[in-house]
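Q: Hi, could you walk me through a structure? I would like to ask about one part at a time.

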Amino acid sequence: EHRLILFQPSLMTEVRTCEEPCYAGVPMSTIVEKGMGIGDVISLLWFKRSLPRYCTQFIEICVMLCADHGPCVSGAHNTIVTARAGKDLVSSLVSGLLTIGPRFGGAVDDAARYFKDAYDRKLSPYEFVESMKKKGIRVPGIGHRIKRGDNRDKRVELLQLFARTHFPSTKYMEYAVEVEAYTLSKANNLVMNVDGAIGTLFLDLLAGSGMFTKQEIDEIVAIGYLNGLFVLARSIGLIGHTFDQKRLKQPLYRHPWEDVLYTK
Ligand code: ACO
Ligand code: LMR
């Protein structure tokens with residue numbers, strides 16, 4: 001006999017009560033009655049537990065700040081081109097989402113991995129950055145196309161301010177600030193970016209909240225939960241870009257040929 005095995009505690013609870021759906025054991029009515037938000041729902045569905053208010057607020061701030069960064073970034077560009085080719089919402093959305101990766105928006109998990117490893121091994125910023133250079137790996141969470149040392153990313157500043165005010169410890173992020181000081185001494189574009197801020201601050205959230213064991217933190221970092229925050233957030237903006245193109249009845253996009261360099 002082949003049986004479908006359900007690992008999701010929420011689904012098991014639902015089967016038990018046969019009344020209303022639950023998220024990690026919390027009935028939907030409780031979620032609504034207690035005025036919980038999307039940060040609570042993410043905590044329940046991704047991390048399988050209720051987190052303190054400052055944690056769920058931090059998750060919500062990440063989602064709000066990463067929702068959009070204008071029409072010119074990789075993801076929005078792909079979505080806009082796809083919408084203008086007459087494709088539907090889901091096609092336009094996934095076309096943009098598919099650009100999320102190691103260079104664009106998808107460096108959050110690697111930032112958490114590499115900064116955690118370097119901090120836990122007590123590497124100095126110099127040792128960390130130079131060892132990455134020797135391996136030919138760009139430091140995830142560092143560098144931006146338009147942000148500079150004298151034109152910082154407001155999103156990073158807002159996340160840092162929130163965490164310094166509400167988190168019990170921001171040791172991983174402060175280490176990233178020291179790394180940034182070193183990378184900025186090499187080149188003005190090597191600022192801490194939003195992926196680096198979220199990656200290191202999420203380490204601080206996991207370690208400082210007292211809600212996760214060391215083994216659970218290692219598992220979350222190894223599996224790679226944190227790019228999910230950017231994917232979720234940017235979906236909001238990409239859906240908006242799709243609607244913009246449809247509402248404005250924009251025609252098929254064709255790139256100006258003089259922008260393209262033909263070479264052998
Ligand atoms: N670590 C080390 N060196 C770097 C880094 C980095 N993270 N980023 C750029 N550099 C170096 C490059 O090696 C290059 O030097 P070189 O020409 O001697 O090799 C110099 O800085 C200029 O780099 P560019 O390639 O011009 O930078 P670009 O603007 O193309 O790249 C990018 C921007 C893709 C974000 C890059 O900095 C990077 O790969 N960062 C790591 C990945 C990352 O964090 N991505 C998330 C960005 S934020 C977001 O998408 C929401
Ligand atoms: C973004 O959030 O899309 C960016 O940081 C990337 C960019 O090129 O601005």
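Q: What covers the buried residues of α4?
A: This is a predicted model, and in it the cover over the buried residues of α4 includes α3 (38-47), α9 (154-166), α11 (194-208) and α13 (227-247).

Q: How many of the residues of α4 are buried, then?
A: The helix is mostly covered, with 10 of its 13 residues buried, and among them are Tyr54, Cys55, Phe58, Glu60 and Leu65.

Q: How far apart are the end C-alpha atoms of α4, and what span should the helix have?
A: Helix α4 runs over residues 53-65, and because each residue is taken at 1.5 Å, its 13 residues should span 18 Å; the end C-alpha atoms are 18 Å apart, which agrees with that expectation.

Q: Switching to rings: how many aromatic pairs are there?
A: The structure holds 15 aromatic pairs. One of them joins Phe47 and Phe202, whose ring centres are 5.8 Å apart and whose planes meet at 25°, so the pair counts as stacked, the cut-off being under 30 degrees.

Q: Which helices do Phe47 and Phe202 lie in?
A: Phe47 lies in helix α3 and Phe202 in helix α11, so their pairing ties together parts that are 155 residues apart in sequence.

Q: Are those two buried or exposed?
A: Phe47 has a relative accessibility of 4% and therefore counts as buried, and Phe202 is buried too, with a relative accessible area of 1%.

Q: Which residues form the aromatic cluster?
A: One aromatic cluster is formed by Phe47, Tyr54, Phe58, Phe162, Phe167, Phe202, Phe212 and Tyr225, and of these, Tyr54 and Phe58 are among the buried residues of α4.

Q: New topic: what surrounds ligand 2?
A: Ligand 2 is surrounded by His69, Val73, Phe104, His144, Arg155 and Arg234. A polar side-chain atom of His144 lies 2.8 Å from an oxygen atom of the ligand, while for Arg155 and for Arg234 the corresponding distance is 2.7 Å.

Q: How much of ligand 2 does the protein bury?
A: Taken alone, ligand 2 exposes 270 Å², and the protein buries 84% of that.

Q: And which residues are closest to ligand 1?
A: There are 19 residues around ligand 1, and the closest are Val139, Gly141, Ile142, Arg145 and Asn193. Backbone N or O atoms lie 2.8 Å from a nitrogen atom of this ligand in the case of Val139 and 2.7 Å from a nitrogen atom in the case of Ile142. On its own, ligand 1 has 910 Å² of accessible area, of which the protein covers 65%.

Methods
Residues numbered from 1 in each chain as written. Chains lettered and ligands numbered in written order. Predicted model: local features only at pLDDT ≥ 70, side-chain atom pairs only at ≥ 80, totals over all residues. Heavy atoms only, no water. Helix = DSSP H or I, 4+ residues; strand = E, 2+ residues; numbered from the N terminus. Expected span 1.5 Å × (residues − 1). Buried < 20%, exposed > 50% of the residue type's maximum accessible area, 1.4 Å probe, protein only. Contact = heavy atoms within 4.5 Å. Near = heavy atom within 4 Å. Polar contact = N/O pair within 3.5 Å; in protein donor to acceptor, adjacent residues only side chain to side chain. Areas by Shrake-Rupley, 256 points an atom, 1.4 Å probe, with all protein chains shown as cover. Phe/Tyr/Trp six-rings, centres within 6.5 Å; stacked < 30°, edge-to-face > 60°.
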